[in-house]
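Here is a short report on one structure.

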Amino acid sequence: MLRQAQHERVAAPPQSTRAAILIPFAIVTLIWGSTWLVIRDQLGVVPPSWSVTYRFVVAGVAMLVFALMKRESFRFDARGLAFVAATGLAQFCLNFNLVYRAEEHITSGLVAVVFAMLLVPNALFGRLFLGQKLGRQLLVGSFVAMAGVVLLFVHEARIDPSRTTEVLIGIGFTLAAILSASSANVLQATDTAKRYPMNATLALAMLFGALLDGAFAWATTGAPVFEPRWSYVAGILYLGLAASALAFPLYFGVLRVIGPAKAAYSSVIVPVIAMLLSTLFEGYRWSPLAIGGAVLTGIGLVIALRARRPNR
């Protein structure tokens, strides 16, 4: 009986293949796969930092209403407030200001491709700060997926080699955004994060992030600027409500179950979605190199998600 019970425990499927994880994972991936194209439309008349500010004002208010409806407590001690401030700074201020600026220099598809590198610092930071081991299957899946990302990156880089400086600047902003986002991801996987209600925490973090975004925008670009164009307003609402107020609670809920390394695989499949949308709306042309990269990212995702969660 003991051997049978042990065998059942060993044979049980990893948590990352359960519907309770796969469904929110799929929703987040589909939403975030579309945001790169929407962000691109936000650039132009309104400075990027003001667009980020409006996005998280909308998201923070929506999360606040939702947390109040669920009657979550907003009583945070000093440790909780510090956690809120760190999340707001890393995730909702630095990360998105850097991403929006990256898209001023390179295409939305290339930003999405580079951002897929998020799984690397997530896995390393998870090992350093959370003591999570990097299993062989997770490493194999990461290697296969990153090979696909490299093929996609090479394809993008070949499109216009004359813009080398612009591409490097855009990639630099994206890499800095990745480190900031990864820091916030690891924070969400700590025991401290589990001490406080998620929706109330995210509401305060988003509003604090919006406050920092607004202060930075005012200091660097002057008074608020708004574009009353219908697509701009619709983009703010979509990014604030769907891509932030809906997606972040789902993503962080998944992250707390399967760990930051495997949760970051949403950023690996996102470039494929972003490029499919770019094909429809921006005339993106697929080459054999790009198709091979997309196939490899999908294979790597499947391998990694079937790996068991790294042990604490």
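## A kinked helix

Where in H11 does a kink lie? The kink is at Ala247, shortly before the proline Pro249. The bend there is about 45°. This is a predicted model, and every value below comes from that model.

Helix H11 covers residues 230-258, 29 residues in total. From its first C-alpha to its last, H11 reaches 39 Å. At 1.5 Å a residue, 42 Å is expected, and the reach of H11 is close to that. Gly259 follows H11. The phi of Gly259 is positive, near 90°.

## Helix H10

Helix H10 runs over residues 198-221. Its 24 residues should span 34 Å at 1.5 Å a residue. The end C-alpha atoms of H10 are 33 Å apart, which agrees with that span.

## H5 against H8

Two packed helices are described by the angle between their axes and the distance between the axes. Take helix H5, residues 108-115, and helix H8, residues 164-188. Their axes come within 9 Å and cross at roughly 45°. H5 and H8 are therefore oblique to each other. Their crossing is right-handed.

Which residues meet here? H5 brings Leu110, Val111, Val114 and Phe115. H8 brings Val167, Ile171, Thr174, Leu175, Ala177, Ile178 and Ala181. By class, the contact of H5 with H8 has ten nonpolar residues, one polar residue and no charged residues.

## H6 against H8

H8 also packs with helix H6, residues 119-130. The angle between H6 and H8 is about 45°, and their axes are 9 Å apart. H6 and H8 are therefore oblique to each other. The crossing of H6 and H8 is right-handed.

On the H6 side, the contact is made by Pro121, Asn122, Phe125, Gly126, Phe129 and Leu130. On the H8 side, it is made by Ile178, Leu179, Ser182, Ser183, Asn185 and Val186. How many nonpolar, polar and charged residues does the contact of H6 with H8 have? By class, there are seven nonpolar, five polar and no charged residues.

Definitions and conventions. Residues are numbered from 1 along each chain as its sequence is written. This is a predicted model: local features need pLDDT of at least 70, side-chain atom pairs count only at pLDDT 80 or more; totals for chains, interfaces and linings use all residues. Side-chain values use heavy atoms; hydrogens and water are left out. Axes are lines fitted to C-alpha atoms, for helices over the stretch in contact, and angles run from 0 to 180 degrees between N-to-C directions. Helices (H or I, at least four residues) and strands (E, at least two) are DSSP runs, numbered from the N terminus. Angles under 35 degrees count as roughly parallel, over 145 as roughly antiparallel, 65 to 115 as roughly perpendicular and the rest as oblique. A crossing is left-handed if the near helix is turned anticlockwise from the far one by less than a right angle, and right-handed if clockwise. Contact means heavy atoms within 4.5 Å. Ala, Val, Leu, Ile, Met, Phe, Trp, Tyr, Cys and Pro count as nonpolar, Asp, Glu, Lys and Arg as charged, and the others, Gly among them, as polar. The expected span of a helix is 1.5 Å times one less than its number of residues. The bend at a residue is the angle between axes fitted to the seven residues ending there and the seven starting there.
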